[in-house]
Amino acid sequence: MSSQSLKGKKIAVLVESQYIADEIAQYRDRFGEEGAEVHFLANLNGNPFLNLVSEVEEEGRTPKLLTVTRDIRKAAPEDYAAILVAANYPSVRLRHFVPPDGPDGKPLPITPEMVRTSPAVQFFSRAMRDPEIVKGVLCHALWLLTPTPELLAGRKVICHEVVLADVLNAGGHYTPDPSGVVVDGDLVTGRSFAVVSEFIKRIKERLTAQEPAVAPAPPVSAPPPPGTGRQRSILVVLSNHGYWGEELVGPLEVFERQGYRVEFATPNGQRPVALPPSMDSGYIDPPLGRSVTSPQMALKVGLLDSTGPGRSERSRMLDAPMNLSAMLPERPYFSHPMMVRALEAYYRERDEALRAFERFDALLLVGGSGPIVDLANNQRVHDLILGFLKQGKPIAAECYAVTCLAFARELEDRRSILRNKHVTGHCLEYDYKDGTGFVGTDFNMGPPPYPLEYILRDATAPEGQYHGNFGQERSVIVDYPFVTGRSTPDSTLTGEKLVEVLEQGLRRWGF
């Protein structure tokens with residue numbers, strides 16, 4: 001008789017073709033008998049479902065089909081109590097990635113950093129960073145962790161001998177055990193399918209031994225309660241065309257001191273790159289006539305931005321950002337032949353996709369010139385902002401990224417979400433007359449394509465206000481749910497005020 005010891009828990013199994021049919025059946029049946037809800041996840045590549053074929057290595061056997069309807073790209077690891085990776089060769093297929101297109105529309109040359117961009121690699125990497133999630137990896141499945149060796153280094157594991165060399169090269173500590181299963185905290189590994197029964201038993205033991213780490217979360221529609229003491233999660237969105245280094249490092253250091261979990265997202269899922277002047281303490285900012293980057297900050301940005309040999313472990317945190325273009329749907333053109341149905345589908349898919357972001361407590365949009373290109377008028381970024389707004393969660397933006405707040409509007413009424421609000425942002429006096437450039441192109445735009453100050457003055461009307469605070473060293477405005485910072489010197493203060501919003505209930509400041 002089942003004890004229903006796992007009732008209310010969800011378990012994810014990452015799977016691909018060449019799975020072992022008996023293994024998959026045991027996950028479904030044995031966890032299901034204990035009351036768990038078992039979900040099979042794969043990269044659906046935009047399809048509504050995927051038919052996977054089991055392995056067949058014995059003559060006369062017929063392969064079996066597994067229909068998967070849950071997409072890794074749309075799932076959130078934090079929704080699951082345990083995440084397993086199927087044995088055999090699914091992990092090889094799950095590591096597959098597609099190089100993004102370059103400016104000419106052709107795929108970019110493959111680089112080592114791209115191995116981290118596989119949706120399954122990113123999904124499981126997020127799970128590995130969360131000790132509250134039990135991870136189960138059987139047989140060859142540790143291959144899924146080799147693109148992120150920092151997450152495997154030092155962990156006690158056991159695996160099939162075929163993958164052993166790769167595991168050792170990634171820093172894993174191979175630990176033979178007579179049972180064929182090794183438990184290292186939140187990570188359970190097994191040598192092969194032959195020990196799947198013991199493997200499942202150990203995972204169940206880990207799940208039933210867990211105590212609730214925090215009080216039940218409040219409804220997502222409510223603002224995050226201050227002073228709860230639970231670990232916060234911050235989503236940081238960066239441009240793929242260049243961010244200003246200090247505008248990431250400043251708030252990031254604040255969040256790290258606070259013990260927050262920080263995750264990153266970019267429009268296309270590629271690693272973000274710092275604007276070169278933000279790593280050069282000798283660069284003179286033309287409007288201000290002085291350097292705005294200290295030698296210490298230049299060093300910090302350089303360490304975070306580094307991708308070369310011998311780079312720091314810290315730089316790896318930006319290697320596998322979430323891909324907004326893959327996670328959020330694109331709104332159809334109004335010329336679509338089935339516009340009504342297409343728009344209905346878009347809203348349905350958008351609402352479903354935004355669920356993956358409900359686990360975050362706040363959103364930060366990092367500034368620099370890059371946001372002008374791929375954040376300001378990015379419909380998916382707008383939808384992300386509207387999703388946080390609907391949940392009543394704080395949204396912070398710096399410099400030119402504040403433009404996103406002015407342009408994020410529901411299609412139905414197209415009304416500014418900054419209406420009657422107080423904000424700051426890159427003021428007219430700080431705008432370049434020449435030299436506005438971006439990462440990934442030699443194009444010099446000259447001045448920025450729009451004076452952000454004018455946009456914000458219009459967007460906050462009739463009873464709100466834009467505050468440039470020109471002549472003052474700092475300019476940060478809090479008008480809940482928005483926290484806005486004018487430019488580079490305001491980066492750390494922007495992070496500090498966002499923390500005060502979350503922990504002390506700050507609602508208005510700076511005006």
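Helices (H or I, at least four residues) and strands (E, at least two) are DSSP runs, numbered from the N terminus. The model is predicted: local features need pLDDT of at least 70, side-chain atom pairs count only at pLDDT 80 or more, and totals for chains, interfaces and linings use all residues. Residues are numbered from 1 along each chain as its sequence is written, and side-chain values use heavy atoms, with hydrogens and water left out.

**View A. Asn45 in the loop between β2 and β3.**
Asn45 is not a glycine, yet its phi is positive, about 55°. Its relative accessible area is 53%, so Asn45 is exposed. The classes are buried under 20% relative accessible area, exposed over 50%, and partly exposed in between (1.4 Å probe, protein chains only).

**View B. Asn420 in the loop between α13 and β19.**
The loop runs between α13 (403-407) and β19 (422-423). Asn420 has a positive phi near 65° and is a residue other than glycine. Asn420 is partly exposed, with a relative accessible area of 31%.

**View C. Helix α1 packs with helix α6.**
Helix α1 spans residues 21-33 and α6 spans residues 196-209. Their angle is about 35°, and their axes are 11 Å apart. Axes are lines fitted to C-alpha atoms, for helices over the stretch in contact; angles run from 0 to 180 degrees between N-to-C directions. The crossing of α1 past α6 is right-handed. A crossing is right-handed if the near helix is turned clockwise from the far one by less than a right angle, and left-handed if anticlockwise. From α1, the contact uses Glu23, Gln26, Tyr27, Arg30 and Phe31. From α6 come Val196, Ser197, Phe199, Ile200, Lys201, Ile203 and Lys204. Contact means heavy atoms within 4.5 Å. By class, the α1 contact with α6 has six nonpolar, two polar and four charged residues. Ala, Val, Leu, Ile, Met, Phe, Trp, Tyr, Cys and Pro count as nonpolar, Asp, Glu, Lys and Arg as charged, and the others, Gly among them, as polar.

**View D. Helix α7 packs with helix α15.**
Helix α7 (residues 245-258) meets α15 (residues 491-504) at an angle of about 35°. The axes of α7 and α15 are 7 Å apart. The crossing is right-handed. On the α7 side, the contact includes Gly250, Pro251, Val254 and Phe255. On the α15 side, Gly495, Leu498 and Val499 are among the residues involved. The contact of α7 with α15 divides into five nonpolar, five polar and five charged residues.

**View E. The buried side of helix α5.**
In α5 (residues 161-169), Val163, Leu164 and Val167 are buried. They cover an arc of only 130° around the axis, so they lie on the same side of α5. The arc is that of the directions from the helix axis to the C-beta atoms. The buried residues of α5 pack against α4 (149-152), β8 (156-157) and β9 (173-174). Gly171 follows α5, with a positive phi near 95°.

**View F. An open sheet of eight strands.**
The order is β16-β13-β12-β17-β18-β22-β21-β23, with mixed pairing. The edge strands, β16 (322-323) and β23 (508-509), each pair on one side only. Two strands pair if DSSP finds at least two bridges between them. Helix α12 (residues 379-390) packs on the sheet and touches β12, β17, β18 (395-398) and β22 (482-485). The direction of α12 makes about 145° with that of β17.

Leu235 has Leu363 of β17 as its bridge partner. Ala396 stands opposite Val483 of β22. Both faces of β18 are covered: Ile395 and Ala397 are buried on one side, Ala396 and Glu398 on the other.

**View H. Arg331 in the loop between α9 and α10.**
The helices on either side are α9 (324-327) and α10 (339-354). Arg331 has 32% relative accessibility, so this residue counts as partly exposed. Leaving aside neighbours within four places in sequence, Arg331 is in contact with Leu343, Tyr346, Gln379 and Leu411. Arg331 and Ala342 are eleven residues apart in sequence and 8.4 Å apart in space, C-alpha to C-alpha.

**View I. Cis peptide bonds at Pro462 and Pro481.**
The bond between Ala461 and Pro462 is cis, with omega about 5°. Pro462 sits in the loop between α14 (452-459) and β20 (465-466). The bond between Tyr480 and Pro481 is cis, with omega about 10°. Pro481 lies in the loop between β21 (476-479) and β22.
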